[in-house]
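Subject: Structure for your review

Dear colleague,

Please find below the structure that I am handing over to you. My notes on it follow.

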Amino acid sequence: MDKTTVLGKNRSGVDISPIDIKQMMSLAKVTPASSPGDEKAIAQMREEYIAEADVIGSVPLPGTLKGMASTAMEKLMGKSPEGFIDKLGCRLAFERTGVRLYDALITKCSTAPMSSNISLDRLNEFRNEEFQHFKLVENAIRSIGADPTAQTPSADVDGVISLGLIQVLTDPRTSVAHCLEAMLTAELADNDGWRMLIMLAEKMGMEDMARDFQQALREEDEHLVSIRQWFKEMVIKDTVGT
Amino acid sequence: MALNLFEDKGCPLDRQRFTWKELVQPPISKLDDDAFTRVRVILMNGMEMEAIRFSHGCARMNREWQLPLAQLRIVEQHQATMINGLLGADHSTLETTIAYEQVAIEVTAAVAQNEPDEYLAQVYRFGMLEDFDHLYRYSAMLDRLEGKDANNILQCYTDIVPGRPTIVEHRAPQDNLREHYDRLRAAPITKLHALTIMSSEQQTQNFYLNVAPMYADPVVRQLYTEIASIEEQHVTQYESIIDPRETWLEKWLLHEANEVYNYYSCVQQETNPRIKAIWERCLDYELGHLQVAIEMFKQYERRDPAEVLPGDLPEPIKFESQREFVRRILNQEVDLRARGTQFVNKSQEGVESQQYRQHLNASGSPTNTVAAGYEWFAGTELARDGEATREKYVRGQKIAH
């Protein structure tokens, strides 16, 4: 396997400019800050805005609440269905993005020169399982009369979190190891996300749904184990050489 | 050998073509490429954006030239795309911002030293010291928001200390206008300098306006808002030094010549061979654009382009650290303020500017907030605290021994 980390002329550190850095540091040392205080000033400004801030968005009103009856929805009455819908929407969005992340990873692994244990077949399997999980949650959302096409607040926040992962997976310059590290972040979060959702479904009295979700979690467990293993092997090979 | 604007005709316009693949090329390395390669990328993106902006303005005012302008403009559009795409996506917006300020400082400092008109040289020095302060504020923000060292971008070429504090840079509009050069008497290099710096500052203003909403943090949004306001003043300052009596075609000619001059400067000094080839291609294309503008000028104005343009290009802009010059000017001119078109000591500043900024700063100054107590240290301010801890630890060990 080609090494993914190379030695080169990285210019970002100070050791490459021994004379200039001495000059920079000596001026900085004798030049006081332009105003007193410290980073707490930033916290204060943030606090002011937090106090005035509105929410990032809302959960849409389920159709059933507008008159359409469903047995599932009846179970949710008396609880707070919006919190549950928000988390279902979050999982749905994450699985959908997960398919796209695997698409990018498969492309990367198909083109990168390597002889690792990563199996493209397994990656395709994982990709398709993410897709099945998306469909599973889509149906779950429909079953309680909510709209699976709506973007919920938690889905939006998760999307912001995932932005960096997408940037890493689609950058032609990143190595397979870099991409696996990004996928590991995604799978760790995904794994916890499913556990949370299963717990919520049980507490909401949605036993059937929780059972379906358990199957998804078992598959997600496999994703996590494999990605973690491949990443570890690749880093060891790259660093230790065995 | 210097390039001759009338003899070197470059690539004819009808042979200037791109594919999408050529327009989106591999970016430079944030880590491995020299900081001045990034400086050139940002500067030339600014030049191309100005070419497009000017071309649209000119087309909106002159029906008969709309076709040749459109023919040139689409090439400029594609050049801008190709160049701006050389910035890698691993630059955070704040890191790119640090690079924008490095462009403003280093290029303006180089221009200021080479400008034959003493008044205009003063204008450049004045603007440079303000951008120098912006670099310090953004560096504090990068450190305190993302935990990153601005020097990873600057590569020890540019100092990170306060300049003329941004909080006092806000002025009433009448104090942002300057005297313009005389189109009939000014040296050709004077006209090229003015266009270069004006274009670069305009690009910076647009960039800050566009990127502010990309940050979730209201502190960063306010920071960009405050500094974008100064960049607007800078654009106002630099466009006012350009003779407004120049005709549309004269300005067109100068725009094309200036692009040639800037690409020529890039070609001479580029250290990355792949990027150098891009500069060479663009230089060739711009010489072709200049030929079109020269023909238009002859046809419609019935004047000799040599009245406006030099034959041989002046010495290239120097892309290198201007540390000593910047420090000297910081030392001597940090307390200057603008009053009308002139520069005065801060004690003589006009009341209008003082009142103007008093209101703007009434609810605090973002540039002060982000840099409160900020002293740059290699590896971020956390590394400075870390060093103090380490020293204590080492001393403790020694005592224990």
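**Findings**

Y238(B) is buried, with a relative accessibility of 0%; buried means under 20% relative accessible area, exposed over 50% and partly exposed in between, with a 1.4 Å probe and protein chains only.

The model is predicted, so local features need pLDDT of at least 70 and side-chain atom pairs count only at pLDDT 80 or more, while totals for chains, interfaces and linings use all residues. Residues are numbered from 1 along each chain as its sequence is written, chains are lettered from A and ligands numbered from 1 in the order in which they are written, and side-chain values use heavy atoms, with hydrogens and water left out.

Helix α8 of chain B covers residues 218–240; helices are DSSP runs of H or I with at least four residues, numbered from the N terminus. Its 23 residues reach 33 Å from the first C-alpha to the last, close to the 33 Å expected, the expected span being 1.5 Å times one less than the number of residues. Of these 23 residues, 17 are buried, so α8(B) is largely enclosed by the rest of the structure.

Rings of Phe, Tyr and Trp (its six-membered ring) pair if their centres lie within 6.5 Å; planes under 30 degrees apart count as stacked, over 60 as edge-to-face and the rest as tilted. F54(B) and W248(B) form a tilted pair, 5.8 Å centre to centre with 45° between the planes. This pair joins helix α2 to helix α9 of chain B across 194 residues. F54(B) is buried at 10% relative accessible area, whereas W248(B) is partly exposed at 32%. Y124(B) and Y238(B) are stacked, with 5.8 Å between centres and 20° between planes. Here the link runs from helix α5 to helix α8 of chain B, 114 residues apart. Y124(B) is buried, at 0% relative accessibility.

The largest nonpolar core has 128 residues, and Y124(B) and Y224(B) are among those that touch the most other members. Such a core is a set of buried Ala, Val, Leu, Ile, Met, Phe, Trp, Tyr and Cys residues joined through side-chain atoms within 4.5 Å. Its largest share, 13 residues, comes from α5(B). A second, separate core of 25 residues includes L101(A) and I227(A).

Yours sincerely

Key: Helices (H or I, at least four residues) and strands (E, at least two) are DSSP runs, numbered from the N terminus.
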